Amino acid sequence: MSLPSNFEDLISEAEGLSLYKKLIIQLNKDLLYANIDLEFDEETLPTSLKFVLQETVFNLINSKFSDYLNLLYIVDVSEAKVRSLDGGDTLKLSEDVTFLILQREWQKVWFKAKYS
């Protein structure tokens, strides 16, 4: 499996395989496990999904860092990938981490669909 390299590719692949709703369900499940007070409707538009998730990640980085780390752990985002990001600009960091979260959630959904 080659992972999508940007948000647009990820969404088009998810929609092309009719797995976008499952992506949202998986994301909601992990947000709940991480005790993050956020739940997306299955009909959420991809742009809204990205914007709201990024805003949440930004707020977690700035005010609830331990919850942010817990979310990364629950979602199982690669520590090496997070460390490779530039932490100087919190807004850019939140955008990059949001993509890593969605990319990892997509990986989970894709594997479940392929091997179930």
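Author: Contact, as used here, means heavy atoms within 4.5 Å, and helices (H or I, at least four residues), like strands (E, at least two), are DSSP runs that are numbered from the N terminus. The model is a predicted one, in which local features need pLDDT of at least 70 and side-chain atom pairs count only at pLDDT 80 or more, while totals for chains, interfaces and linings use all residues. Residues are numbered from 1 along each chain as its sequence is written, and side-chain values use heavy atoms, with hydrogens and water left out.

Reader: Which residues of helix 6 does helix 2 meet?

Author: The axes of the two helices, which are lines fitted to C-alpha atoms over the stretch in contact, with angles running from 0 to 180 degrees between N-to-C directions, come within 9 Å and cross at roughly 115 degrees. From helix 2 the contact draws on Lys22, Leu23, Gln26, Leu27, Lys29 and Asp30. Their partners in helix 6 are Ile101, Leu102, Glu105, Trp106, Lys108, Val109 and Lys112.

Reader: How many residues of the contact of helix 2 with helix 6 are nonpolar, polar and charged?

Author: Ala, Val, Leu, Ile, Met, Phe, Trp, Tyr, Cys and Pro count as nonpolar, Asp, Glu, Lys and Arg as charged, and the others, Gly among them, as polar. Sorted in this way, the contact of helix 2 with helix 6 has 6 nonpolar, 1 polar and 6 charged.

Reader: Is the crossing of helix 2 and helix 4 left-handed or right-handed?

Author: The axes of helix 2 (residues 20-33) and helix 4 (residues 65-75) come within 9 Å and cross at roughly 130 degrees. That makes helix 2 oblique to helix 4, given that angles under 35 degrees count as roughly parallel, over 145 as roughly antiparallel, 65 to 115 as roughly perpendicular and the rest as oblique. A crossing is left-handed if the near helix is turned anticlockwise from the far one by less than a right angle, and right-handed if clockwise. The crossing of helix 2 and helix 4 is right-handed.

Reader: How are helix 4 and helix 6 placed relative to each other?

Author: The axes of helix 4 and helix 6 come within 10 Å and cross at roughly 25 degrees. Helix 4 and helix 6 are therefore roughly parallel.

Reader: Which residues of helix 4 are buried, and what is the arc within which they fall?

Author: Buried means under 20% relative accessible area, exposed over 50% and partly exposed in between, with a 1.4 Å probe and protein chains only. By this rule Tyr68, Leu71, Leu72 and Val75 of helix 4 are buried. The arc is taken over the directions from the helix axis to the C-beta atoms. Seen down the axis of helix 4, these buried residues line one face of the helix, because they fall within an arc of 95 degrees.

Reader: Which residues are exposed on the other side of helix 4?

Author: The buried residues of helix 4 have a cover that includes helix 2, helix 3 (46-63), helix 5 (79-83) and helix 6 (90-115). On the other side of helix 4, the exposed residues are Ser66 and Tyr73.

Reader: What is the relative accessible area of Asp76?

Author: Asp76 is found in the loop between helix 4 and helix 5, and has a positive phi of about 75 degrees although it is not a glycine. Asp76 counts as partly exposed, because its relative accessible area is 45%.
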